[in-house]
Amino acid sequence: MAAAQGAGSGSAGPPGPPGSAPGHGSSSTAVAVWEWQDEFGRWRPYRGNVCSYIEQVIQASQQKGRRSGSGLVSSIPLGHADPALAPYVIDIPSLTQFRQDTGTMRAVRRHVFPGDSAAGQGIVWEWQNDEGGWSPYEMNVCVFLEQAHATNHQRVDLGPLGYNYEVDFVALVQTNKTTRFRRSVQRRLDAPYPVTTSTTPLHTGVGCSCQQCWPNSGTGPITTRYRHSVTNFPNSSTTHQVPGRTASVSSSNVGFVPYNKPALTGARSTPRLNAQNTLVLAQTGSLSAALAAPNGVSAQSLPVKMPKPSRLNQALAATPTEPESVVKKYLEELKSAPADEDCMICMEKLSSPSGYSDSCQSSTIRPEAVGHLRNCQHSFHMLCMLAMYSNGNKDGSLQCPSCKTIYGEKTGTQPKGKMEISTFPQSLPGHKDCGTIRIVYHISRGIQGPEHPNPGMPYTARGFPRYCYLPDNEKGRKVLELLKVAWRRRLIFTVGTSNTTGESNTVVWNEIHHKTEMDSNLSGHGYPDPNYLDNVLAELAAQGVTEDCLGQ
């Protein structure tokens, strides 16, 4: 989200919340809104049709439980509501969204709003992001803005909600109260959120001290004028990395739909540094080594020929591993299935045949066969694991949908490109005792391969080269070495749909977050950030990239 301090000549509205006193309403009608928490701690609403599906599944589960005495549904795959969300599953007991292909987990929550609020009317307020697309405010902000708009305020301060912006309803802009940077806003009519009979207090848009409100600290999606820029060059831009939220409910049944590789949004970068030399990592089977110069800037790199093809290149050149063989390699078939346990993939009882017995055929795996993964011991229908593997990379690896344990060496679908590395003496905020590592990623447009969503079709590569920064200290260099491994395994980017611009068949980030600006961390993409290195190490580990990979 971007900023808003009042621009426009009209009189401003009161600095506090408009309309009635803040708190919880008493309307007889209420709607439920489900939101997920992004990497900056901000809550992002799912669209109305997705929330309707989640509510439908829970209600159906409650009714079934009352009839049969069974427990509440534990997992809700979102692909039935929106094909773009096929990789995502909500785990109800832990209120967590789990992305099955990367293992990324994010918190989710359910808020209840009055039926006559913006949520109940399907009104969404959005801000224009750096790529020209529109991103929704979190729902309590939408409710707040709509209430102010309905009461004829010309301008409103979002400070009470924890945002450093003001919104001008006359000019339809939001302005950052610190930087004075302005962005457009818009009011859009979307599908209303689902009506609920929940008796929880109604949330009216302004945070209070109740249990429903306190988890939202509301730091707000604060962005700066020139992102990803060392010295604030024009034309830099970024996007928030959020899952796509489109389409309509396609099924009332609960189940996981095997998916193509999904996407995160990309980010544009345009700064240039005069650092000489770059260490180049191209996906061509060769590496380049850099020699440090006395002035602290990297010297000219020297190519190093590898004595034999890397394991990744061997994997890419080889015929894909037989899916049945991979499943049998990592799952041990059980003699008897657990009686009361569900398969997390198809949501059928493990004592019943796989829910994919009609769509996934195998001559060696029976529909009723159940196996557990050899290390973590989690159990699934073996045919369900076969369906999941067959709709992925087919790289010879499996990832447990339950605990994210990776079996084998996971590789991705990143297109061909080049990774350049250089150093320079300037320090990053929060790391004054060392210089800076700069990473530059180069990927060009091309034609999708068999591992991509639309083989044979062109893909675009917006915003390249992309510039990223690490502190040149021990932990920063460790992250760098692991990023090299992730690059060689094709895990840093993928081809998919930009969730900000909506463009499909384009190169996007793939769940390993990078710092794309050196300072001004209001956006969350720069420094200082004392937790970043630990966080990115955890994200790399979720992709199977750990210290054990170094030296291989």
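Modeller: In helix H6, the residues that are buried are Met 382, Leu 383, Cys 384, Met 385, Leu 386, Ala 387, Met 388 and Tyr 389; buried means under 20% relative accessible area, exposed over 50% and partly exposed in between, with a 1.4 Å probe and protein chains only. Helices (H or I, at least four residues) and strands (E, at least two) are DSSP runs numbered from the N terminus. This is a predicted model, in which local features need pLDDT of at least 70 and side-chain atom pairs count only at pLDDT 80 or more, while totals for chains, interfaces and linings use all residues. Residues are numbered from 1 along each chain as its sequence is written, and side-chain values use heavy atoms, with hydrogens and water left out.

Colleague: OK, and how many residues of H6 are buried, out of how many?

Modeller: Eight of its nine residues are buried, and the helix, which spans residues 382–390, is mostly covered.

Colleague: In what order do E17, E18 and E19 sit in their sheet?

Modeller: The order is E17-E18-E19, in an open sheet of three strands with antiparallel pairing. E17 and E19 are the edge strands, since each of them pairs on one side only; two strands pair if DSSP finds at least two bridges between them. On average, and with direction ignored, neighbouring strands of this sheet are turned by 40° against each other.

Colleague: How many bridges join E17 to E18?

Modeller: Three bridges join these two antiparallel strands, and if you look at Glu 332, you will find that its bridge partner in E18 is His 372. Helix H5 packs on this sheet, where it touches E17 and E18, and its direction makes about 80° with that of E17. Such angles run from 0 to 180 degrees between N-to-C directions, with axes fitted to C-alpha atoms, for helices over the stretch in contact. Helix H6 lies across E17, E18 and E19, and runs at about 80° to E19.

Colleague: Changing topic: which way does H7 run relative to H8, parallel or antiparallel?

Modeller: The axes of H7 (residues 474–488) and H8 (residues 532–542) come within 10 Å and cross at roughly 25°. That makes H7 roughly parallel to H8, because angles under 35 degrees count as roughly parallel, over 145 as roughly antiparallel, 65 to 115 as roughly perpendicular and the rest as oblique. On the H7 side, the contact is made by Lys 475, Gly 476, Lys 478, Val 479, Leu 482, Leu 483 and Ala 486, and on the H8 side by Leu 533, Asp 534, Val 536, Leu 537 and Leu 540.

Colleague: And which residues of H8 are buried?

Modeller: In H8, Tyr 532, Leu 533, Val 536, Leu 537, Leu 540 and Ala 542 are buried. What covers them includes H7 together with the strands E20, E21 (406–407) and E26 (466–471). After H8 comes Gly 544, which has a positive phi, near 85°.

Colleague: Where are the cis peptide bonds I keep hearing about?

Modeller: One joins Phe 464 and Pro 465, with omega about 0°, and Pro 465 lies in the loop between strand E25 (458–459) and E26. The bond from Tyr 527 to Pro 528 is also cis, with omega near 5°, and Pro 528 lies in the loop between E28 and H8.

Notes:
Contact = heavy atoms within 4.5 Å.
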